[in-house]
Each structure stands twice: as structure tokens, then as C-alpha cells.
Amino acid sequence: MSTTSDDRSAGGIAAPAGDRGGILEVFKREPVALAAFTIVIFSMPLWIPVLGGYEGLATLIVIWGIFVLGFDILLGFTGYLSFGHAAFFGGAAYVTGFMYRDVSDNVIVAFVASQVGTLILAVVIGLLAMRRTGIYFSILTLAFAEMLFAAALSIFAPLTGGYDGMTRLQEPNLFGVKMDGLTIFYIAAAMLAIGYAMALRLRNSPFGVMLRAIKENPMRLEYTGINVWRYKMAAFIISAHYAGVAGFLMVTYEPYVATKFLHWSTSGEVVIMSVIGGVGTLVGPIIGAGFVLYFQNVVQAVIGEQWRLILGLVFVFVVAFLPGGFVDLARMVWKATGNRLRARRHNVPDMELTETKYGTEERLR
Amino acid sequence: MTMTKKGASRRSVLRGSAALAGTALVTPHFFVKNAWAQGECATVGNFPVEGPTVTFGFNVPMTGAYADEGADQLRALQLAQKHINEGGGILATLQPLALTGQGVLGKQVVHVTGDTQTNPDAARQSARRMIERDGVIMFCGGSSSATAVTRQYLAQEMGIVYMHGLTHANETTGVDRRRYGFRQFFNTHMTGLALGPILANEYGGDRAAFHLTADYNWGHSMSGSIKDATEAQGWNTVGNIATPLGATDYSQFLVSVLNSDADVLILNHYGNDMVNSVTQAVQFGMRDLQKNGRDVQIVVPLYSRLMARGAGDNVEGVFGTTNWNWTKDNPGALAFVSAFEEEYGFPPSQAAHTAYVQCILYANACEMAGTFYAPEVIRTLEGMTYSGDGYDSESLYRAEDHQSFHDILVVRGKAPSARTSEFDLLQIVDTVPRSVVEYPIDTFPGELGEYCPA
């Protein structure tokens, strides 16, 4: 079966399954992308200080990188905008904090507990929220996250420490090895690299194709006899686990649980990072996370109290002029230098590229 | 740009080797950062201090609910830096004094700032940036007990002394006390001890009180302390409703108060919460109301200038407490207020005062200890008595919980007609001496932790 440009413009399943050359090409490119990614991440403590950063910022970027990466699997692949991902990040953070405070200071125990907690949360929230799409899905996830937030501050306050957050945690360690400084950075970086490899693998697998098909047209997919619900649920749970791992790492890195981890603004921050970086590109959201955290912690000190205003302007600018995020800059440069764009821009929701016999053109759907 | 590929040009070789050299210079920083350990601990924070300057971190809320207080603290901290480097201010009155007005231990003080965003997580992150990147030897400032407590844990982990800003909850020097955290500000327990007898004296010993309490740790801490203190005077607490932080409409809670037989309303609110709740209570006619044959009264346990200004006429005659007020006329207060007014054109708030004093006390302790080595500085501050910091009598930094004890003020809101300026909002009813508010160490449990960071 050969894919024609007509199939693509019809907005159907872009069918990379038939596009064998494409798949092979990605397979060939994958080790390179992975190696490059790993080197950039692991060398962070070397180049971040040159940019005015510091060790702790590198750790923070890596942890949030895992969070947004998982978020991108849900939003970028499947097209579901969760506005309650803080529930998984914060939920795992609280479970981790609880383990460190009351049960064991061993990171493995805390890791397992936090992931079990995340799974339960994801299944419960997913079963209810995944029944709806679009804005209703977003509102439902937001509602669940806010419920958790309110619960942590009220009925669970004796356990969570209420507004002040969870303090008095034991120092996390792995059989005696303290989780601080570069140790936790390299652990988090390794997890990000593994997470990235898994996401790449996922994207290129039949499963990933299904997710993108769901984004394109779930009804059409349903009519072909595929259980769309199962794929959606799986994507949701995988995405939640990325957030859960990030939440676990956050508390292992800083033995303290802030109520903000459950707050809606955390969910919002993930959305902003993804949009700034480039939804659906995997690397883009990580760049976005790096940018936002760098801005919050380094640029803020230079700008002073108006830093939020400037960050807001950057966001508006990106959404207005660079709807594909920072990653789209590369694409624009490529196009501006007279090259043809071959791939569709999956990451820009209201715009697609169509190849016609006259060349490439952008059109609004 | 087009490039002809004919091997490496001289420029690119230079550029490349510069980049390599840069990386090489940065690399050892990570591995031998604390290679010069001294004394009892393997490593302590950013000690030793290299070069001709020493960096202080000013970590205050620039955005968020308490941004105004943060701005005033920053002014005061910059003034403190100036006085440490050039002399002036309370350096003329502070006893014991080791500072010479020429920096600390021969080094000029420079500072970096960070925004706590009035948010515990952000506060920790910005403090961490100061410690890791900017190499601060100590940091100070802040408003809200939640941010104070989390940063004090960070201070202990990193071995950096943290001099608290405005934090009023008992936990800060109670259950969450840390060896590396010091609090000059008073706490809710001290507010209760000071306010209880005066309320009983003014309003009678058999009142029925109703609390509206901001639903977070400070609010509950405040409510508990006032309840204990007033019940010790024979009052009766008939109700306590927790109101959401940042609420704007208090009518439903005020209706409950009206329907009870309470004749005193206690508002355990801070910032805009208090401005809203007290304004609405007055609009409900509470201050013109009589119950049990007596006028209904409103009490605001913790006052700030922002609150008094925001609530305007509504707080006329309303009782509360403050840590300090710029109208004090002892030599320390006069020295600080005149220096502040000269610099900025208006008098300082209590938030500014605590930040200023804390910064100078730290610098003074370093000079007295003869080192920036944190365990020595901490030992110098622990149990230190000092005067000339803006209070009429001697103050003490208690060694066991790092709480400072000094006089505190019971105040009433001033009538607009009695104000001499837009900053003259509070009338001092009584300066409650340190002996009254100094409570036994076993009042609150807690462990300070080790002198070595961990």
C-alpha cells in the first residue's frame, strides 16, 4: 500500500504503517538522537554554569523534563489536554514524602510506593475523565487535581502538614548512599534518558501510531474495530507514571513536599512549558521546561519583580508567532533557506502542511 | 554565512581552545568545591569566603500575597548592607558591637536577591540558587511561616545560616526549629501572653469569643494561642471557623458569629484576608452592636502597616500586637528610623525592622566570632544578649530554640483624625516587657539538630 499526498490532506490516519521508508529512517536516526540527547543531558552540570545556572538548576530541569515528556505523550500524541497532571506529580510526591517521613528512608521503597500510588490515581481518574474529550476532559482532570489539592489541605492535613507542606523527612538514601548533589542529578538524568528512549520507541511503535490515530479521528478508528478506550487509557496511565516518577525524584532531591506540587498552577506550568517548547516533539517540551526554569531562577534575579510579566510576554509571543514552539524555529530556518518541508507539522493544531504539485504550502484548516 | 572547508582556521582553533579552557576551569568546581574543610565538620556551606567581598542573599517575596512587605524588607536589607560597609544606623547603638563599619572581617558585603513568590517551593528554589550559584554565606528575609520553615530546613541541609524575616507561627522555633535558622520576630504564643491580660483588663474577664481563622498553620497557631491566653483570663471560646486562605467574602462566617452569643470577634487573619474580614465585620454593624449587655468588640491579634492602612477607619480602637513600631523613641529605633527615612523618605515597617536587625546581628556575630565558619557564628548568636536594636531594654537570642525575646507592643488602630501622617496608623497601648512574654523552653517540643549541616 502506498500513501499518496491525497490521503494525508484528507486528514485520515497518516498511516506511517504503510510508509515503510519513513519508519526505517526513524529507526536509523534513533540511536543518533538518543546518543545526542544523553550527552547533552549528562553534561548539563558542565555547561549550565557557563550560562549562569548551577547544579541544582540542572537537577530541576531534568526532573521537570521527565514530567513534560510524559505530558507530551498524552497531549502531543493522543491530543488530550490534561489540566490536572499535578495530581500525579503531587500525589507521587506526597506518597514519597510519607514514606521518607514515616516508613523508610530507602529510595527504592519510596519509588515503588509512589508508583503504586500513581497507578491507582491514574486508573481512578482515567476511568472517569477519559469518558470525555476536549474541554470536558480538561475540566474533569482539573477538577480531580483540585479535589486532591483541597483534600491535602483539609481532611488529610494532619498527614500532609497542610499549607506548610510536608517537613521533617528523613534523608533519602540508597543503601547508605546519600541522594544529594550530583548523585541525584545523575539518577534523574538516567531516568530522563530512559524515559526519552521509551517515548521514542513508543512513538515509532504500532501503539504510537494508534495514539496519533486517536488524535486524528477517534470515531473513524473505532469503526475499524479497534478498542480506542484501551489505547487512550494506556496512554493516560503511561503519561501519569512519567509525572509520578518526576514527583518521586522531586522529593528525593529536596526532602520536602510543597502543596504547590498539587496546585493547578503546576498543571498550568507543564502546559506552558510544552507549548513554549513545541507540543508533540518530545524534545521540545524538555527545552520548554529548561527555558521556563532558567527564566524563573536565573533571569528572574536579573529582571527583578517584573519577571512574570516578561515571561508572560514571551509566552504570548511564542503562541502568536511561533505556534510550533521553539522547536519550530529550526523548521522555519530550514524553510527560509529554501528547503522543502517534508513532514506534516503534527504539533500545530490548527495548521497543517500539504504537499501539492506546486510545492509545499501552509493552509489553515 | 558560507564557510570554505580548508581545515581549521586560526580563529576557530582559538575559539575552540577558549571553550575548552572555560570548561576545564568550571569542572573542578564540582569536585573540589569544599576541599578546604576546617574545624569539626567536613564541609560547611560556602565556607571559606574567598576574595575581597562576602555575599549575603536577600530572599524576600517580590511577587505574591506579601510582595509589599518583601519590598520594604529589601529596602531595609540594602540599608543594613550599607551600614555594615560604611557605618551608620544601629551600629551607633548596638551592644555588644564588633562591627567597625568597614565590612565584615575585612570584606565588603555585596548581595544577591531572590523572589520567594510567597510560596514555599519557590522560596526554596530561589534560596538554593543563591547558595549554589551565587555562593552566599547566609540568606535572610521572607514573609509567611510556610516559606520560613521550608528554607530553614534547606539552610540546615546546606550549612548556610538563615536569618528569618517575618514569620509568626510557633512552629518556626517550635517543632520545626533548626540549628541554622534564627528568628528575631515574635510568635503567636507571645502575642497571646501579651494580649490576654490587656484584653481582660479592657473588656472584662468574662467575655465570650468567636474566632475566624485563616485555614493554614499560622492561623491555627494564632487561634490556639489566643484561645489559651484568653481562657486563662476567664474568657469563654464559643466558636472557631476556619476560613479559606485568600477568601474575599466573609458574610457567611459573620452570620454565624452574629447568631452565636459571642461578644468578641477575633480575626486570626493576615494581609488582605484581615482587611476584607474586618471591613465586612464593620459593615455588618458589629461594632455598633450590643450583646449580653456589652458592646461587641473586634480583635486583630497580629497587625501590619499594610493591614492598618487597607482597613482604614474600620480598625479604629481595635486591639492587636506588633513586633515593633517606628514610633518607638529609644536610641536604636531612632537611629534606624532616621537612617531609613533619610534613604527612602518614609518610615520603615516592622517587616523592614526585623530584616534589618537580623542582617546586622549576623554580620556582628561573624565579626565577634572572628570567622564566617557557621558553627562558630551560630554558637556566638546562641544565648547572646544585646541591646540597641530598637527596643527599650535588652534582647536575648535563646540558645535552645533560636527564638529572640524582646519587648513586644500591644497596639490599637488610630482614628484618622489622630494620625499625624499616612504612616502613623497604630497607637502603642503598652510595651510588654520581655519577662512577660518569655515562655519556658518546654512549651513546644522540637530538636535543633547538629552544628554540622545534614
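Figure 1. Over residues 1-6 of chain B the pLDDT is below 50, and the stretch has zero contacts in the model beyond near neighbours in sequence, a contact being a pair of residues whose C-beta atoms, placed from the backbone, lie within 7 Å. Residues 22-37 of chain B also have pLDDT under 50, but here the model has twelve contacts beyond four places in sequence. For the complex, the predictor gives an ipTM of 0.80 and a pTM of 0.85. Because this is a predicted model, local features need pLDDT of at least 70 and side-chain atom pairs count only at pLDDT 80 or more, whereas totals for chains, interfaces and linings use all residues. Residues are numbered from 1 along each chain as its sequence is written, while chains are lettered from A and ligands numbered from 1 in the order in which they are written.

Figure 2. The contact takes 13 residues from domain 1 of chain B and twelve residues from domain 2 of chain B. On the side of domain 1 that touches domain 2, the elements giving two or more residues are helix 2 (67-86) and helix 4 (145-158) of chain B, where helices (H or I, at least four residues) and strands (E, at least two) are DSSP runs, numbered from the N terminus.

**Figure 3. The open parallel sheet of chain B.** Five strands are arranged in the order 2-1-3-4-5, two strands being paired if DSSP finds at least two bridges between them. Strand 2 (108-115) and strand 5 (181-182) of chain B are the edge strands, each pairing on one side only.

**Figure 4. Strand 4 of chain B and its partners.** Strand 3 (residues 138-143) and strand 4 (residues 161-166) of chain B run parallel and are joined by five bridges, with B:Phe139 opposite B:Tyr162 and B:Met138 partnered by B:Val161. On strand 5 of chain B, the bridge partner of B:Tyr162 is B:Gly181.

Methods: pLDDT = per-residue confidence, 0-100. Contact = placed C-beta atoms within 7 Å.
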